[in-house]
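Hi,

Here is the structure I promised to pass on. Have a look at it first, and then read on for what turned up.

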Amino acid sequence: MATVGLLHPGEMGAAVGGCLVSVGHEVLWDPAGRSRATTGRALSAKLTGAGFDRLIAKSTVIFSICPPHAAVDVARQVAATGYNGCYVDANAISVATAEQVCAVVTAAGATYVDGGIIGPPPEAAGHTRLYLSGPQANEVRPLFNRSALDARIAEGPQYAASSVKMAYAAWTKGSSALLLAARALARASGVERTLLAEWQLSQPHLTAQSERSAGSAASKGWRWVAEMEEIAASMTAAGLPDGFHEAAADVYDRACRADVPAGRRTATTPKETLETVISALM
Ligand SMILES: NC(=O)c1ccc[n+]([C@@H]2O[C@H](COP(=O)([O-])OP(=O)(O)OC[C@H]3O[C@@H](n4cnc5c(N)ncnc54)[C@H](OP(=O)(O)O)[C@@H]3O)[C@@H](O)[C@H]2O)c1
């Protein structure tokens, strides 16, 4: 059984850590500077609190699972200690950012494994995949044997795992942002009721889908801005148009500033959340 470091136990990180604990590994996390929400998730997942130095000294593998905009900073913090174990970045980042993370941690003596997570925080088996790539990926995959997280090798280039995540989220989160923008356009043009009636006739799933998209944008948009920028950079690197995801970043930036009344962010109905998000976009 391994000792694994986890930076940090967000919704996804705590669940991934819980999977490792469920099959007998010890998972260390660093409470310094983290919120009560993170502490609560770490406790529920039975992760072990440790100072940063102890986490570095004891962990043979470290997982970085944090907001994409923090991925390079987290790698620098680990590299500054001279960590020489295995560093797995499982964030939604472009190949260029993954290369940067790899350069930072390998310069300090660590090995790098690229990762990308698709699906909800894993609680039951069959819903979430952790794609892994790079020469050492096969050393990380077995950690998840018998757990609820389906760890798979992404065949192809060294950063295939990040590339799969970029292409996947390009559609899921990109299309959600587009749907919100379409509904905002109809409102701005004074034709929202007519659009909703037309959706009811020809695309009856879109009204509810736009409400779900608004809920996600309000609660997670702050984290998705950087993810959309990483996808836009991936598009540019591939010689593809980057404008879709630059615009999606703008949509999520506006949406996460939606003025949901204080204390009601989780209590508002989907329709109320949609109203505030659409207003914030315009
Ligand atoms: N949630 C999902 O359904 C999902 C699905 C697929 C992939 N992922 C990937 O998983 C990663 C993390 O997502 P998540 O849902 O776990 O996010 P999250 O719930 O927002 O948690 C982020 C964690 O990182 C910490 N954090 C916040 N700002 C930070 C910073 N500047 N530097 C270092 N750590 C920071 C947070 O700590 P405090 O809040 O305590 O400061 C928290 O523990 C992302 O790369 C995402 O793409 C998530």
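This is a predicted model: local features need pLDDT of at least 70, side-chain atom pairs count only at pLDDT 80 or more; totals for chains, interfaces and linings use all residues.

The ligand is surrounded by 24 residues, and the closest of them are Gly-10, Ser-35, Thr-38, Ala-70 and Ala-92. If you sort that shell by residue type, you get 13 nonpolar, 6 polar and 5 charged. H1 gives the largest share of the shell, with 3 residues.

Next, a pair of helices to look at. H5 covers residues 95-107 and H9 covers residues 206-237, and their axes come within 8 Å of each other. The crossing angle is roughly 105 degrees, and H5 and H9 are therefore roughly perpendicular to each other. On the H5 side, the contact is made by Val-95, Ala-96 and Thr-97. On the H9 side, you will find Glu-230, Ala-233, Ser-234 and Ala-237. By type, the residues of this contact come out as 4 nonpolar, 2 polar and 1 charged.

Now for some backbone details in the loops. The peptide bond going from Leu-7 to His-8 is cis, and its omega is near 15 degrees. To find the spot, go to the loop between strand S1 (3-7) and helix H1 (11-22), where His-8 lies. That is the H1 with the largest share of the ligand shell.

Two other residues have a positive phi without being glycine. For Lys-46, phi is near 65 degrees, and the residue is placed in the loop between helix H2 (36-44) and strand S3 (48-49). For Arg-146, phi is near 70 degrees, and this residue lies in the loop between helix H6 (137-140) and strand S8 (150-153).

Is each of these two buried, partly exposed or exposed? Lys-46 has 14 other C-beta atoms within 10 Å, so it is partly exposed. Arg-146 has 10 C-beta neighbours inside 10 Å, so it counts as exposed, the cut-off for that being 12 or fewer.

Cheers

Methods. Residues are numbered from 1 along each chain as its sequence is written. Helices (H or I, at least four residues) and strands (E, at least two) are DSSP runs, numbered from the N terminus. A residue is buried if 20 or more other C-beta atoms lie within 10 Å of its own, exposed if 12 or fewer, and partly exposed in between; C-beta atoms are placed from the backbone. Axes are lines fitted to C-alpha atoms, for helices over the stretch in contact, and angles run from 0 to 180 degrees between N-to-C directions. Angles under 35 degrees count as roughly parallel, over 145 as roughly antiparallel, 65 to 115 as roughly perpendicular and the rest as oblique. Two residues are in contact if their C-beta atoms, placed from the backbone, lie within 7 Å. Ala, Val, Leu, Ile, Met, Phe, Trp, Tyr, Cys and Pro count as nonpolar, Asp, Glu, Lys and Arg as charged, and the others, Gly among them, as polar. A residue is near a molecule or strand if its C-beta atom, placed from the backbone, lies within 6 Å of it.
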